[in-house]
Amino acid sequence: MRLSVRELALCAVLSALAMGLGWMESFLPAAPGIPGIRLGLANTATVFALYALGPVQALCILFVRCTLGSVFAGNLNALVFSLLGGFAAMGTMILLSRWEKLSIYGVSIGGAAAHNCGQVAAAVLVLGSAAPLYYLPVLLGVSLATGSLTGLVCARLFRALEHAGILTQNA
């Protein structure tokens with residue numbers, strides 16, 4: 001598969017945007033009493049890419065974001081968590097996006113839930129214990145809110161781009 005110059009440039013911009021959103025999110029205060037919870041603002045770029053560019057490009061953006069984010073943060077241990085969570089989320093969103101009756105909100109919520117499952121799986125592998133599984137119900141509950149937020153941002157973005165005549169497809 002060959003990317004046009006426009007698609008390649010858009011992938012680069014979305015990768016940079018995702019990394020910037022992830023960096024900005026690191027300055028937000030953590031949820032009190034609930035460790036490890038993040039809004040997942042960087043996922044907005046990958047959900048947008050999935051619908052605007054396609055699954056291959058979205059996977060590339062996800063890989064670049066996870067890899068460079070871990071390198072720039074100086075935490076290569078986090079790469080395992082980022083990649084397992086990210087690929088679980090993207091695989092789920094690719095499958096769910098093919099179901100025409102499911103909106104971008106449902107796809108995003110499914111991705112958020114799968115991301116949390118992937119990160120818990122990474123924790124189980126790294127720790128060698130099933131203890132992180134007990135935290136999964138809390139994370140899945142939170143993924144309803146974070147996935148809804150990502151879906152809302154993407155839906156509004158697509159609506160604004162269509163209204164401006166920049167994007168003619170409906171996601």
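**View 1. Helices H1 (5-25), H2 (43-52), H3 (55-73), H4 (77-97), H5 (104-127) and H6 (136-163) each supply at least two residues of the lining of the largest pocket.** The model is predicted, so local features need pLDDT of at least 70 and side-chain atom pairs pLDDT 80 or more, while totals for chains, interfaces and linings use all residues. Residues are numbered from 1 along each chain as its sequence is written, and side-chain values use heavy atoms, without hydrogens or water. Helices are DSSP runs of H or I of at least four residues, numbered from the N terminus.

**View 2. The largest pocket has a volume of about 1200 Å³.** Arg38, Arg65, Ser82, His115 and Gln119 are the closest to its centre among the 47 lining residues. H5 gives the most to this lining, with 8 residues. A pocket is an open set of points on a 1 Å grid over the protein atoms alone, where a 1.4 Å probe fits, with protein on both sides within 12 Å along at least five of seven lines; lining residues have an atom within 4 Å of a point. Grid points are joined across faces, edges and corners, and the volume is the space filled by probe spheres set on them.

**View 3. Leu14 touches Ala45, Phe48, Ala49, Leu53 and Ile61, not counting residues up to four places away in sequence.** Contact means heavy atoms within 4.5 Å.

**View 4. Phe27 is found in the loop between H1 and H2.** Phe27 has a relative accessible area of 58% and is therefore exposed (over 50%, 1.4 Å probe, protein chains only). Phe27 and Gly110 are 83 residues apart in sequence and 26 Å apart in space, C-alpha to C-alpha.

How values were computed: Buried < 20%, exposed > 50% of the residue type's maximum accessible area, 1.4 Å probe, protein only.
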